Amino acid sequence: MPDLMIERIVPWQLNGQKQSAFLCTPEHLDELAAGYLYTQGMIAGLGDIAEIAGDENGLNVTLREGVAPRRTDILERLQACPACKSDFQAPLVQIQAMCRQLLSEKNYFGTHRLALHCGDQVAYREDVGRHNAADKCIAYGLRQGWDMSRCILGSTGRISLEMLVKVAVAGIPVFFSRKYPSDIVADWAERLGIALVIRAHSDAPGVYGARERVV
């Protein structure tokens, strides 16, 4: 049926060890796996990955010899993230235009859509899980060699703490959404030097965290 979004349970293994399956939109799965490992703090960079093979029926990820995946919880990842020291700033009107473009890009149904901007370059990714779409965007940007300290990430969905951690791990200084963060997200954004622009598509957006980044 055309009104049903596509979601798959994608089993995957890391160095031959079974992992919790991805519940995801089955596109850009190599980016999903790479981005997940990176933003979860399990690897230091995408260069730690030797190979990603498979498809929506299952993925096999192999790390380079000598690389051992780390296991951390969300608080450990937050505390391990250094505050973003980038001097990057972005005009509010530019962020509003980015958000409006994100919302008009296509008619999506039941999915989250994210956009990673780097200068005049932009990558769009869509998934049933906003965290999945974030992992895909971040992996794409890293693979392209984009300077994440000068990138802007945008989302159609709520700014959760898990989403903020991903942005912080990647070193992205500005994160916008048409939705809202919680109080703990706003607090951590300020500590980590990340600007949060909420209701970014509207004529009355709000800015939290590192407000000096939005001019």
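What share of the contacts in the chain with a separation of 6 or more comes from residues 24 or more positions apart? In this predicted model, such residues account for 53% of those contacts.

**Overall architecture**

The chain contains six helices and ten strands. Its radius of gyration is 17 Å, close to the 17 Å that the globule rule gives for 215 residues, so the chain is as compact as a globular protein of that length. The C-alpha trace spans about 50 × 45 × 30 Å along the principal axes. Of the 215 residues in the chain, 52% are buried. The accessible surface amounts to about 10300 Å², and carbon and sulfur atoms contribute 49% of that area.

**Salt bridges**

Side chains of opposite charge can pair when their charged atoms come close. Across the whole structure, a search finds eleven salt bridges. Three of these pairs are set out below with the distance between nitrogen and oxygen.

| Aspartate 203 | Arginine 100 | 3.0 Å |

The salt bridge between aspartate 203 and arginine 100 links distant parts of the chain, its partners being 103 residues apart. Aspartate 203 belongs to the loop between strand 9 (195–198) and strand 10 (206–209), whereas arginine 100 is part of helix 3 (residues 92–104). Aspartate 203 has a relative accessibility of 73% and therefore counts as exposed. For arginine 100 the value is 38%, so this residue counts as partly exposed.

The setting of the pair formed by aspartate 127 and lysine 136 is described by burial: both residues are buried.

Aspartate 187 and arginine 191 are both located in helix 6 (residues 183–192), where four residues, about one turn of the helix, separate them. Aspartate 187 is partly exposed because its relative accessible area is 33%, a value between the limits of 20% and 50%.

Beyond these pairs, a network of salt bridges links Arg77, Asp135, Glu162 and Lys166.

Which residues of helix 6 are buried? They are Val185, Ala186, Trp188, Ala189 and Leu192. These residues cover an arc of only 165 degrees around the axis, and therefore lie on the same side of helix 6. Asp183 and Glu190, on the other side of the helix, are exposed. The packing partners of the buried residues are helix 2 (74–80), helix 5, strand 9 and strand 10. Just after helix 6, glycine 193 adopts a positive phi of about 75 degrees.

Val185, one of the buried residues of helix 6, is also in contact with serine 160. Serine 160 is situated in the loop between strand 7 (151–155) and helix 5 (161–170). Is serine 160 buried or exposed? With a relative accessibility of 11%, serine 160 counts as buried, because the cut-off for burial is under 20%. When its neighbours within four places in sequence are left aside, serine 160 is in contact with Arg130 as well as Val185.

Methods
Residues numbered from 1 in each chain as written. Predicted model: local features only at pLDDT ≥ 70, side-chain atom pairs only at ≥ 80, totals over all residues. Heavy atoms only, no water. Salt bridge = Lys/Arg side-chain N within 4 Å of Asp/Glu carboxyl O. Helix = DSSP H or I, 4+ residues; strand = E, 2+ residues; numbered from the N terminus. Buried < 20%, exposed > 50% of the residue type's maximum accessible area, 1.4 Å probe, protein only. Contact = heavy atoms within 4.5 Å. Arc of directions from axis to C-beta. Rg over C-alpha atoms; globule rule 2.2 N^0.38 Å. Areas by Shrake-Rupley, 256 points an atom, 1.4 Å probe, with all protein chains shown as cover.
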